[in-house]
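Subject: Structure handover

Hello,

I am passing this structure on to you, with notes on what was found in it. Please keep the structure open while you read.

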Amino acid sequence: MSRSALVGNVTAMLEDAGFVVSERCAIRPKSFDVAARRGEEVLLVKILGNIDAFDGHTGAEMRRLGTYLGATPMVIGLRTRDEELKPGVTYFRHGVPVLSPDTAMDLFVEEVPPLIYAAPGGLYVNIESEVLADAREDRDWSLGRLANELGVSRRTVSKYEDGMDASVEVASQLQELFDAPLTSPVEVLDGADEVREDEETPEDPEVDPEDEPIVAVLTRVGFDVHPTDRAPFKTVSENERREEEMLTGHSELTKTAEKRARIMSSVGRVTRTRSVYVVERATRKSVEGTAIVEESEMEDIREADELRDIIRERADIEGSSA
């Protein structure tokens, strides 16, 4: 399957599941392919045939963007170098959850979350520790008796009852021994931090020197500004109360810049984020809801309300609801 076909299939699946999906970020460099929203659930999705192409730099950017935009970063892919991704299993690459299309369909369309996650050493499941302890005690089994049944140490059983996850094989044995559901789903959207790879998200990249005057204005009027280096926008800015986010682009107003502005507007509608593109000389007021502001105008702004009014007025020119 070509990557374009895969992107189309995943987008259609998300729409069938009730998500509003952004325009594809078909411009390089890019950290994610589409943004999607269903109610309060927001996703930033990278779609790959081979997930080994997903590198640490892109993973870090997606995790940062997820934090700024209140979204879950996610990769949907078909295979690794060695094998097809298994259905019903959550993988992790560079701290980002990875699902096969079938697993994603089960999660979003059928509302059946995965029970298994892959980690160094094999496949694991979340054990309901209190349920396990109660089941053992109801049988009047000691820790040692259950350890013998499983072929593990008494200390390992104690760890299961303290919340340690178990291999798929051990979980299957436990289910057979007690004839009761003892596992809980992998929280892909909420709580994935519990099983993701143990690595901190790196700090923001340095500001591009050409963008420093724009960042200075945004900071002056009260925004925290986060530079990006693989997104279709240059920065994500948020006010001090984290009640308002804004996507910013900056370059000459070329055809490529207009394409970026359209993508920013589409992503902004999904993430409920305003967007502004700063140019040296403007020939139009907006691009599909992304306000176009000249550098000289930007430098004269002294209050956040001034910027908000400009963005709102120019976005509304094209009938945007942003």
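The notes below start with the whole chain and then go through its parts.

This is a predicted model, in which local features need pLDDT of at least 70 and side-chain atom pairs count only at pLDDT 80 or more, while totals for chains, interfaces and linings use all residues. Residues are numbered from 1 along each chain as its sequence is written, and side-chain values use heavy atoms, with hydrogens and water left out.

The whole chain

The protein chain has 11 helices and 16 strands. Both are DSSP runs numbered from the N terminus: helices are H or I with at least four residues, and strands are E with at least two. The C-alpha trace spans about 75 × 40 × 30 Å along its principal axes. Of the 322 residues, 50% count as buried; buried means under 20% relative accessible area, exposed over 50%, and partly exposed in between, with a 1.4 Å probe and protein chains only. Among the contacts in the chain with a separation of 6 or more, 60% come from residues 24 or more positions apart. Contact here means heavy atoms within 4.5 Å.

Strand β5 covers residues 89-93, and four of its five residues are buried. It pairs with two other strands, where pairing requires that DSSP finds at least two bridges between them. With β6 (residues 96-99), β5 runs antiparallel over three bridges, and Tyr 91 has Val 98 as its bridge partner. The hairpin of β5 and β6 has two residues between the strands, and His 94 takes a positive phi near 55° in it.

Strand β7 is also joined to β8 (residues 122-127), by four bridges in the antiparallel sense. Ile 116 has Val 125 as its bridge partner in β8. The hairpin of β7 and β8 likewise has two residues between its strands, and in this hairpin Gly 121 takes a positive phi near 105°.

The six-stranded sheet

An open sheet of six strands has the order β11-β12-β13-β14-β16-β15, with mixed pairing. Its edge strands are β11 (223-227) and β15 (286-287), each of which pairs on one side only. Inside the sheet, β12 (residues 235-239) and β13 (residues 245-250) pair in the antiparallel sense over four bridges. Glu 238 stands opposite Glu 245 of β13.

Helix α2 packs on this sheet and touches β11, β12 and β13, its direction making about 30° with that of β12. Helix α9 (residues 255-271) lies across β13, β14 (274-279), β15 and β16 (290-294), and runs at about 165° to β14. Axes are lines fitted to C-alpha atoms, for helices over the stretch in contact, and angles run from 0 to 180 degrees between N-to-C directions.

Is Glu 245 buried or exposed? Glu 245 is buried, with a relative accessible area of 16%. Leaving out residues up to four places away in sequence, Glu 245 touches Tyr 68, Ser 237, Glu 238, Thr 273 and Arg 274.

Helices α1 and α3

Helix α1 (residues 3-16) and helix α3 (residues 101-108) pack at an angle of about 10°, with their axes 10 Å apart. That makes α1 roughly parallel to α3, since angles under 35 degrees count as roughly parallel, over 145 as roughly antiparallel, 65 to 115 as roughly perpendicular and the rest as oblique. On the α1 side the contact is made by Leu 6, Met 13 and Leu 14, and on the α3 side by Pro 101, Ala 104, Met 105 and Phe 108. These residues divide into seven nonpolar, no polar and no charged. Ala, Val, Leu, Ile, Met, Phe, Trp, Tyr, Cys and Pro count as nonpolar, Asp, Glu, Lys and Arg as charged, and the others, Gly among them, as polar.

Asp 52 sits in the loop between β3 (41-50) and α2 (56-69). Asp 52 is partly exposed, at a relative accessible area of 29%. Not counting residues up to four places away in sequence, Asp 52 touches Thr 80, Arg 81 and Arg 93. The C-alpha atoms of Asp 52 and Glu 206 are separated by 27 Å, and the two residues are 154 residues apart along the chain.

Regards
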